[in-house]
Structures are given as C-alpha cells and as structure tokens.
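I opened the model to take a few notes.

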Amino acid sequence: MRIAFVAGFGPITTDTSASLAFWRDDLGLPMEEIAPDYWGTDDVKGVNAFAAWPLPEAAESCFGTKVWPDEVPTPQAWLEVDVLSGDAVGDAAAELEVAGHRLLKQPVTEPWGQTVARLLSPEGLLVGITFTPWMHRGERHSDD
C-alpha cells in the first residue's frame, strides 16, 4: 500500500457549537454545514507532515516536563495550523486568549526554527499555531 496524502483530519465532536466557535470562528477555517450538524471544508491546503508524537515529547513541548499534568485533559491527537510568519503566531495566540482559550505554550521560536504556540481544542486535540519556515519556501503571500 502507498498512501499518497492525508485526505482529511478533524475532531470528533460532542458539542457542535463549541467546536464551531473554535474551528470556524476563532481559527477562521471556512467551515460550512455539509449535512445536518456536520460541518466541514475542502478549502484548506493539505497536511505537510503526519507523525505519531509520543505524549512525553508533547508534554515537554508544552510544559517543559515529560509528564502530562493530571489536571489537563490528555490529548488523543495533534494538529498544527501554519500561519504566514513568526509574528503572526503571536498575533493568533493573543486573539485566541482574548477569545477565552488557555494557551498551554506561549509563542516561542524553537531551536530548529519553527515558531509555535499550543492549546487544546474543545474536543481535546493538541493544536499548534505555528510558522514552519521550510514549509513556506518559495511562497509569496499578499501580506509579505
């Protein structure tokens, strides 16, 4: 078997209103109702990386320790959404905090060059707001 690309990814929701508030309203994904109570989009560029991320490594990224805190729900998956610049990570993180979301990791540029902030979605996905420079090489953006 040869997998060509990740065809789709999304949360399993128990509270559609909370999910839409996060994914559509706060993150700005262009979601529309496809069927009753089923929201989605085909208008987001595909996944550039797929990886099984060990929980101790995710904990270290968020909290500086290899142990995930008991008081924070343990994520079942991770998702990173890339923005147009390192500065845009900070702007997005500030917007999410104003919207009432708790950042698990404040914006920081990692030693390998990726700028990242992290939080949990309403469904418990570990969401990274990132700028990954090597994934933008050769791209031109209207706000560059």
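Is G8 buried or exposed? I looked up its relative accessibility, keeping in mind that this is a predicted model. The value is 54%. Exposed starts over 50%. G8 therefore counts as exposed.

Next I asked where G8 sits in the chain. I found G8 in the segment before α1, the helix of residues 16-26. I also checked G8 against G46. These two are 38 residues apart along the chain, and their C-alpha atoms are separated by 8.2 Å.

**Sheet**

I turned to the strands. In what order do the 4 strands of the open sheet run? I read β3-β6-β5-β4, and the pairing is mixed. I then looked at the edges. β3 (78-82) and β4 (103-109) stand there. Each has a single partner strand, so one side of each is left without a neighbour in the sheet.

As a reminder to myself, strands of a sheet pair through backbone hydrogen bonds, either parallel or antiparallel. Which sense do β4 and β5 take? I have them as antiparallel, over 4 bridges, with β5 covering residues 115-120. Within β5, T115 stands opposite T109.

**Helix on the sheet**

I followed α2 (residues 55-63) next.

**Whole chain**

I counted elements: the protein has 3 helices and 6 strands. From the N terminus on, I wrote the order as α-β-β-α-β-α-β-β-β.

Why do I call the radius of gyration in line with a compact globule? A compact globule of 144 residues would have a value near 15 Å, and the protein has 16 Å, which agrees. I also took the span of the C-alpha trace along its principal axes, about 45 × 45 × 40 Å.

I checked burial over the 144 residues, and buried ones make up 30%. For the surface, I noted that the protein exposes about 9,400 Å². Carbon and sulfur atoms supply 54% of that area.

Last, I looked at contacts between residues at least 6 apart in sequence. Of these, 50% join residues at least 24 apart.

Notes: Residues numbered from 1 in each chain as written. Predicted model: local features only at pLDDT ≥ 70, side-chain atom pairs only at ≥ 80, totals over all residues. Heavy atoms only, no water. Helix = DSSP H or I, 4+ residues; strand = E, 2+ residues; numbered from the N terminus. Buried < 20%, exposed > 50% of the residue type's maximum accessible area, 1.4 Å probe, protein only. Pairing = 2+ DSSP bridges. Contact = heavy atoms within 4.5 Å. Axes fitted to C-alpha atoms, helices over the stretch in contact; angles between N-to-C directions. Rg over C-alpha atoms; globule rule 2.2 N^0.38 Å. Areas by Shrake-Rupley, 256 points an atom, 1.4 Å probe, with all protein chains shown as cover.
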